[in-house]
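Trainee: I would like to go through this structure and ask what stands behind each label.
Mentor: Go ahead.

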Amino acid sequence: MHTKGIPENYAARSEAARILGCSQRTVERHILAGRLKSYRLGLRYVVVDLDEVRALAQNLRTPVAIAA
């Protein structure tokens, strides 16, 4: 699902939230923490690269081994 005016490989924060299974606020936290880079399109849209969103989703779902 793409909003009119957003390039094909980019998504609005709401779409990124749907892909990641989190809230838009959490997407904003990922952006602020540097885990996702955002891009402003004009005055209206802040978008993220879908490849970065998918990579972050994969990293968030990969279990981390904890040393005993």
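Trainee: Which exposed residues does the face of helix 3 turned away from its buried side carry?
Mentor: That face carries Gln58 and Asn59. Exposed means over 50% relative accessible area, buried means under 20%, and partly exposed is in between (1.4 Å probe, protein chains only). A helix here is a DSSP run of H or I with at least four residues, a strand is a run of E with at least two, and both are numbered from the N terminus. This is a predicted model, in which local features need pLDDT of at least 70 and side-chain atom pairs count only at pLDDT 80 or more, while totals for chains, interfaces and linings use all residues. Residues are numbered from 1 along each chain as its sequence is written, and side-chain values use heavy atoms, with hydrogens and water left out.

Trainee: Why are the buried residues of helix 3 said to be on the same side?
Mentor: The buried residues are Leu50, Val53, Leu56 and Ala57. They cover an arc of only 120° around the axis, and therefore they are on the same side of helix 3. The arc is taken from the directions that run from the helix axis to the C-beta atoms.

Trainee: What do the buried residues of helix 3 pack against?
Mentor: They pack against strand 1, helix 1, helix 2 and strand 3 (45-49). A contact means heavy atoms within 4.5 Å.

Trainee: What span is expected for helix 3 at 1.5 Å a residue?
Mentor: The expected span is 16 Å, and helix 3, with 12 residues, reaches 17 Å from its first C-alpha to its last, which is close. The rule is 1.5 Å times one less than the number of residues.

Trainee: Which residues make up the largest nonpolar core?
Mentor: The core has 10 residues in all: Ala16, Ala17, Leu20, Val27, Ile31, Leu36, Val48, Val53, Leu56 and Ala57. A nonpolar core is a set of buried Ala, Val, Leu, Ile, Met, Phe, Trp, Tyr and Cys residues joined through side-chain atoms within 4.5 Å. Helix 1, helix 2 and helix 3 (50-61) are the elements that give two or more residues to this core. Valine 27 touches Ala16, Ala17, Leu20 and Leu36, among others, not counting residues up to four places away in sequence.

Trainee: Why is histidine 30 called buried?
Mentor: Its relative accessible area is 9%, so histidine 30 falls under the 20% limit. Histidine 30 lies in helix 2 (residues 24-32). Leaving out residues up to four places away in sequence, histidine 30 touches Leu20, Arg35, Leu36, Leu56 and Leu60.

Trainee: What makes arginine 13 and glutamate 28 a salt bridge?
Mentor: A salt bridge is a side-chain nitrogen of Lys or Arg within 4 Å of a carboxyl oxygen of Asp or Glu. The closest N and O atoms of arginine 13 and glutamate 28 are 2.9 Å apart, so the pair meets the rule. The pair links distant parts of the chain, with arginine 13 in helix 1 and glutamate 28 in helix 2, 15 residues apart.

Trainee: How many salt bridges are there by this rule?
Mentor: The count comes to 3. Arginine 18 forms one with glutamate 15, at 2.8 Å. Both lie in helix 1, 3 residues apart, about one turn of the helix. Arginine 18 is exposed at 55%, whereas glutamate 15 is buried at 10%. Aspartate 51 and arginine 54 also meet in a salt bridge, at 3.5 Å from N to O.

Trainee: Why do aspartate 51 and arginine 54 count as partly exposed?
Mentor: Aspartate 51 has a relative accessible area of 46% and arginine 54 has 45%. Both values lie between 20% and 50%, so both residues are partly exposed.

Trainee: What makes tyrosine 10 and tyrosine 39 an edge-to-face pair?
Mentor: The structure holds 1 aromatic pair. The rings of tyrosine 10 and tyrosine 39 are 5.5 Å apart centre to centre, with 85° between the planes. Rings of Phe, Tyr and Trp (its six-membered ring) pair if their centres lie within 6.5 Å; planes under 30 degrees apart count as stacked, over 60 as edge-to-face and the rest as tilted. The pair is therefore edge-to-face.
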